[in-house]
Amino acid sequence: MAYLPETRILLGTQLVFNLGFYAVIPFLAGAMGGDYGLDAAAVGLVLGARTFSQQGMFLFGGLLADRWGARRAILTGCLVRIAGYATLAAASPR
């Protein structure tokens with residue numbers, strides 16, 4: 001079965017994002033609890049918000065893809081993700 005190039009891009013980026021999601025959760029929990037000194041409730045809140053924003057916003061992402069086109073929506077999502085990780089990297093531990 002042949003897939004359109006846009007479908008391959010979408011599936012590839014989703015695979016990378018999901019692998020990153022499962023790889024970063026233990027890292028974030030350890031860093032926030034150890035380096036940043038957050039208690040378990042704060043770590044859970046941050047990780048819950050992150051999980052919701054990744055897994056729970058597919059409807060919003062689909063609406064944007066319908067309005068802007070898949071390529072622009074994917075690139076915007078990548079830029080938002082980069083900005084979030086850059087902000088985390090710039091935060092100084094206590």
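Q: How many positive and negative charges does the chain have, and how far apart are their mean positions?
A: This is a predicted model. The chain has 7 positive and 4 negative charges. Their mean positions lie 7 Å apart.

Q: What about the surface? How much of the accessible surface belongs to carbon and sulfur atoms?
A: Carbon and sulfur atoms account for 72% of the accessible surface. The accessible surface as a whole is about 6900 Å².

Q: And what share of the residues is buried?
A: Of the 94 residues in the chain, 12% are buried.

Q: OK, secondary structure. How many helices and how many strands?
A: Four helices and zero strands. Along the sequence the pattern reads α-α-α-α.

Q: What is the radius of gyration of the chain?
A: It is 16 Å. A compact globule of 94 residues would come out near 12 Å.

Q: What box do the C-alpha atoms fill?
A: Roughly 50 × 25 × 20 Å, taken along the principal axes.

Q: Contacts next. Of those between residues at least 6 apart in sequence, what share joins residues at least 24 apart?
A: That share is 70%.

Q: Which residues make up the largest nonpolar core?
A: Five residues: Val-24, Leu-28, Met-32, Val-43 and Leu-47.

Q: Which elements give two or more residues to this core?
A: Helix H1, residues 5–35, and helix H2, residues 40–55. H1 gives the most, with three residues.

Q: Stay on Val-24. What is it in contact with, leaving aside neighbours within four places in sequence?
A: Val-24 is in contact with Arg-50 and Tyr-85.

Q: Where does Tyr-85 lie?
A: In helix H4, which covers residues 70–90. Beyond four places in sequence, Tyr-85 is in contact with Val-24 and Arg-50.

Q: Why does Tyr-85 count as partly exposed?
A: Because its relative accessibility is 34%. Buried would need under 20%, and exposed over 50%.

Q: How far is Tyr-85 from Ala-31, C-alpha to C-alpha?
A: The two C-alpha atoms are separated by 13 Å. Tyr-85 and Ala-31 are 54 residues apart along the chain.

Q: Switching to Ile-9. Which helix is it in?
A: Ile-9 is in helix H1.

Q: What does Ile-9 touch, not counting residues up to four places away in sequence?
A: Ile-9 touches Arg-71 and Ile-74.

Q: How far apart are the C-alpha atoms of Ile-9 and Arg-71?
A: They are 8.4 Å apart. Along the chain, Ile-9 and Arg-71 are separated by 62 residues.

Q: And why does Ile-9 count as partly exposed?
A: Because Ile-9 has a relative accessibility of 37%.

Q: Last one, Asn-18. Where is its place?
A: Asn-18 sits in helix H1.

Q: What is Asn-18 in contact with, leaving aside neighbours within four places in sequence?
A: Gln-54 and Gln-55. The C-alpha atoms of Asn-18 and Gln-55 are separated by 9.5 Å. Along the chain, Asn-18 and Gln-55 are 37 residues apart.

Q: What is the relative accessible area of Asn-18?
A: It is 25%, so Asn-18 is partly exposed.

Note on methods. Residues are numbered from 1 along each chain as its sequence is written. This is a predicted model: local features need pLDDT of at least 70, side-chain atom pairs count only at pLDDT 80 or more; totals for chains, interfaces and linings use all residues. Side-chain values use heavy atoms; hydrogens and water are left out. The radius of gyration is taken over C-alpha atoms; the globule rule is 2.2 Å times the number of residues to the power 0.38. Buried means under 20% relative accessible area, exposed over 50%, partly exposed in between (1.4 Å probe, protein chains only). Contact means heavy atoms within 4.5 Å. Accessible areas come from the Shrake-Rupley method with a 1.4 Å probe; for residues, only the protein chains shown count as cover. Lys and Arg count as positive and Asp and Glu as negative; His and the chain ends are not counted. The place of a charge is taken as NZ of Lys, CZ of Arg, CG of Asp or CD of Glu. A nonpolar core is a set of buried Ala, Val, Leu, Ile, Met, Phe, Trp, Tyr and Cys residues joined through side-chain atoms within 4.5 Å.
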